[in-house]
Amino acid sequence: FKGGDTCEYLLSSGRFLGEKVWQPHSCMMHKYKNSEAKNCLIDKHIVFIGDSRIRQLFYSFIKLINPQVKEEGIKHGNIPFEDKSASIKVDFLWYPEVNGSMRQRIKSWTEGSVAKPHIIVVGAATWSIKIHNGSNEALAQYKINITSIAPLLEKLAISSDVYWVLQDPVYEDMLSESRKMITNEKIDAYNEAAVRILNSSSRNSKAKVKVFSVSKLIAQETIMKSADGLHLPESSRDTNAMILMNVYCNKIMKPIDGSCCQPQPPLTLIQKMAFCFFTLSIIGYLIISLIHRNNYRKNKSCTDLESGEEKKPAISTPNVSTLEMLLHCFCKLGLIMTYFYLCDRANLFMKENKFYTHSSFFIPIVYILVLGVFYTENTKETKVLNREQTDEWKGWMQLVILIYHISGASTFLPVYMHIRVLVAAYLFQTGYGHFSYFWIKGDFGVYRVCQVLFRLNFLVVVLCIVMDRPYQFYYFVPLVTVWFMIIYATLAIWPQIVQKKANGNCLWHFGLLLKLICLLTCIYFLSYSQGAFEKIFSFWPLSKCFELNGNVYEWWFRWKLDRYVVFHGMLFAFIYLALQKRQMITEGKGDPLFSNRVSNVLLFISIVSFLTYSIWASSCKNKTECNELHPSVSVVQILAFILIRNIPGYVRSVYSSFFAWFGKISLELFICQYHIWLAADTKGILVLIPGYPMFNVLVSTFIFVCVAHEISQITNDLAQIVVPKDNSTLLKRLLCIAGFFSGLHFFSAMQDQSRY
């Protein structure tokens, strides 16, 4: 990576993804909406100077501000445009040749009394070639004229953005007889002259005319679709206009998915403090390691001079203290967080836009499924949804979700709807797993709650600090955290009904069902009462956790999308454990779950239900309408999958260790992808190795998986230290954690105040 300004890459290089999607070299281009364009260009004056090709660019540009504009202006005359609501003025000035008239107009802006335009876009040459029949004298005069204009443009470039648009190639076979003299050879000669002369006298980097050469690359791919061989097709000129908008507006609007022309964000106060903390941790760990290493050397076996025998030391290995383990974890975490920051906050590595094709999604899916089958092993136990099976389920779902994200498959509605089921299945497992634990164990202690909360939230809290993102940005973790607390509250509130108590009296089962009905009622009420939901989560300190862009709407949308599935998971666990207790199901190795007849009927119904849901999801036409039905019907495919996976005994007795391995680090994989596999907060793709897309994915994926695995180990190690089993020690740690978050809130308030 050469480094440098991404604006330069945006203006000069790139490639097409598919037919119409332009990918600048090394950075991501944002697709501006009309409202965004207006906000960026408010109170601005933009001028386009040139021939009919520049007029085309002018129309494409103003359509980004107002799509209703029609190309009805005078062909060979000036065309004004004004948006009074945002005080935006955009003018096209007809100057088809670089001559004295154009020079006089540009010179008028350099005089102090005249207001200078904020953006000036200039370009002309084809008329000079046409009028003078492509003569060499015309080229020589063009060089003289552009030499006289260049200092004026450079002077304007000190306070305005000035762009010189190089001439696009033509499709010579389609040119009319009156334009046959306009050849690509002549165009190249004129472009070469312009590039050589512009900025040749400017030593000030601020006073440079930006050469808009990317239009040439775009035209080379699309000029064959031109109507007359000279003018670009509409899609190409729209791309040029969008590039212009990105060059000027990205540094103002700072869109997440527009990394081109964006400066590196300054470090916040909290980020600086985190950097200092991790640096001190690394230094502290190195010092302790050196001390222990020296002590270990002193205790090494030494030769007894009298007997000539070796004496063994009393201690053969150094003891690892809690402090050393803590510093070791923070040392590794500090190095990992540095990598996170460099990947997605510093302008060190390239970022590219996603582009969806069916092959980019389905081929990797087939590949990982084949891999998963090759790693089939026998399970240690054959119960329904045993630990190995749930890890396998999480693993393959997580891999599919990762492929979905990197391929940009959210634009394809059938895939989107099936991925929504996978997210729902994660939450289903949350309901199933936590309900089963509390129901069987009856352990409602603080230690259990703290352990779960720590393991779920540790990485996200660190990323919120290091990457300067709100907690709700990593929406899935808040979602599973809140649902865990809801499950805990439902079962822990008096009367506490657990399996041991219910076995003594069947009435307790009805009591538990009553609790579940109350939970369902509350969910139903909140899902249809946005106001009540937002009031609950708008209270401090909940608002600090669940607000995104100043409101909790995003949180309400995410919660509502899978509002019933955790309840379904809890209900399934209750029914399954009740059937298991009464020995109404058979879970022996190789045995079907029910009698042969019942198993066959249920298996047939499950397969039909599974396929029916897939057909419905594939026929979705509107994402909003399908999202409304999703919470109620997603459980159909989830239950169908569970039954298909568990009814046949031989299927229940095996699992894929490949998928199970990924399942154990599924949470870390889901969170880490935001910054070190994808880029720009999941909007783009991280590029470590430019020019080799497949090799880049292999390398970045390997690093990404290793980092997720390492973070999983760090989280487990720290959980043992931060959340001890001793209640008095745990209480002290909780007070320390409360103090930490209070300090974090204080510095966050200071940070927000300074930003304001």
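Start with the sheet: strand E3, residues 45–50, and strand E5, residues 88–94, pair in the parallel sense over six bridges. Keep in mind that this is a predicted model. Within that pairing, Ile49 has Leu93 of E5 as its bridge partner. E3 also pairs with strand E6, residues 119–123, again in the parallel sense, over five bridges. There, Ile49 stands opposite Val122. And E3 is mostly covered, with five of its six residues buried.

Now the disulfides. How many does the structure hold? Four. One of them joins Cys7 to Cys261, S to S 1.9 Å. Cys7 lies in helix H1 and Cys261 in the loop between helix H9 and H10, so this pair ties together parts that are 254 residues apart in sequence. Both of these cysteines, Cys7 and Cys261, are buried.

Next, Cys40 and Cys249, joined at 2.0 Å. Cys40 is in helix H2 and Cys249 in helix H9, so the link bridges parts 209 residues apart in sequence. Cys40 and Cys249 are both buried.

Then Cys620 to Cys626, also a disulfide, S to S 2.0 Å. The torsion about its S-S bond is about -120°, so the disulfide is left-handed.

Cys522 counts as partly exposed, at 47% relative accessibility. Cys545 is in no disulfide either; the nearest cysteine sulfur, in Cys464, is 8.9 Å away.

Definitions and conventions
Residues numbered from 1 in each chain as written. Predicted model: local features only at pLDDT ≥ 70, side-chain atom pairs only at ≥ 80, totals over all residues. Heavy atoms only, no water. Buried < 20%, exposed > 50% of the residue type's maximum accessible area, 1.4 Å probe, protein only. Helix = DSSP H or I, 4+ residues; strand = E, 2+ residues; numbered from the N terminus. Pairing = 2+ DSSP bridges. Disulfide = S-S within 2.5 Å.
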